[in-house]
Amino acid sequence: MDKPSKEQILAASSGWVASTLNFLPGLGAGYLYQRRWIPYFATGGAATAWFVLGAILNGDTEPTKAEQLIGIVGLFLISITTMVESKIAHKKARLVVEEQLQAKTPKKKGGLFR
């Protein structure tokens, strides 16, 4: 039995589940569902960098409501970006797998004499 390729694993996953997991809990949980480790760690790094940047810029003072809103909007943008990217990657993987299946299946010859 052949080992499934990365595209086959990604195409077998549900696109809407991965998108929802990337949006609702945020921080790339949909990448774990899709078994995509590099984007998962990149998302975790981006979120960590966002928190560290906010802590460095804020210093020891209490954040204002505007600064809190900026922090939440940044995490929201990370979630939206990962949601869209996981859906696009899923669609691309499905197209690749469909092309591979069409290349493997022999074409039937029509006509009177075969």
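This is a predicted model: local features need pLDDT of at least 70, side-chain atom pairs count only at pLDDT 80 or more; totals for chains, interfaces and linings use all residues.
**Core.** The largest nonpolar core has five residues: Leu10, Ala11, Ala89, Ala93 and Val97. Helix 5 gives the most, with three residues. Ala93 belongs to this core. Leaving aside neighbours within four places in sequence, Ala93 is in contact with Glu7, Leu10 and Ala11. In soluble globular proteins, nonpolar side chains tend to be buried together.

**Helix pair.** Helix 2 (residues 15–23) also meets helix 5. Their axes come within 8 Å and cross at roughly 165°. An angle over 145 degrees counts as roughly antiparallel, so helix 2 is roughly antiparallel to helix 5. The crossing is right-handed. The table gives the residues that make the contact.

| Helix | Residues in the contact |
|---|---|
| Helix 2 | Gly15, Trp16, Ala18, Ser19, Asn22, Phe23 |
| Helix 5 | Phe76, Ser79, Ile80, Thr82, Met83, Ser86, Lys87, His90 |

By class, the contact has six nonpolar, seven polar and one charged residues.

**Ala29.** Ala29 lies in helix 3 (residues 29–34). Its relative accessible area is 22%. Buried means under 20% and exposed over 50%, so Ala29 is partly exposed. Beyond neighbours within four places in sequence, Ala29 is in contact with Leu21 and Asn22. Ala29 and Ser19 are ten residues apart in sequence, and their C-alpha atoms are 9.1 Å apart in space.

Technical notes:
Residues are numbered from 1 along each chain as its sequence is written. Side-chain values use heavy atoms; hydrogens and water are left out. A nonpolar core is a set of buried Ala, Val, Leu, Ile, Met, Phe, Trp, Tyr and Cys residues joined through side-chain atoms within 4.5 Å. Buried means under 20% relative accessible area, exposed over 50%, partly exposed in between (1.4 Å probe, protein chains only). Helices (H or I, at least four residues) and strands (E, at least two) are DSSP runs, numbered from the N terminus. Contact means heavy atoms within 4.5 Å. Axes are lines fitted to C-alpha atoms, for helices over the stretch in contact, and angles run from 0 to 180 degrees between N-to-C directions. Angles under 35 degrees count as roughly parallel, over 145 as roughly antiparallel, 65 to 115 as roughly perpendicular and the rest as oblique. A crossing is left-handed if the near helix is turned anticlockwise from the far one by less than a right angle, and right-handed if clockwise. Ala, Val, Leu, Ile, Met, Phe, Trp, Tyr, Cys and Pro count as nonpolar, Asp, Glu, Lys and Arg as charged, and the others, Gly among them, as polar.
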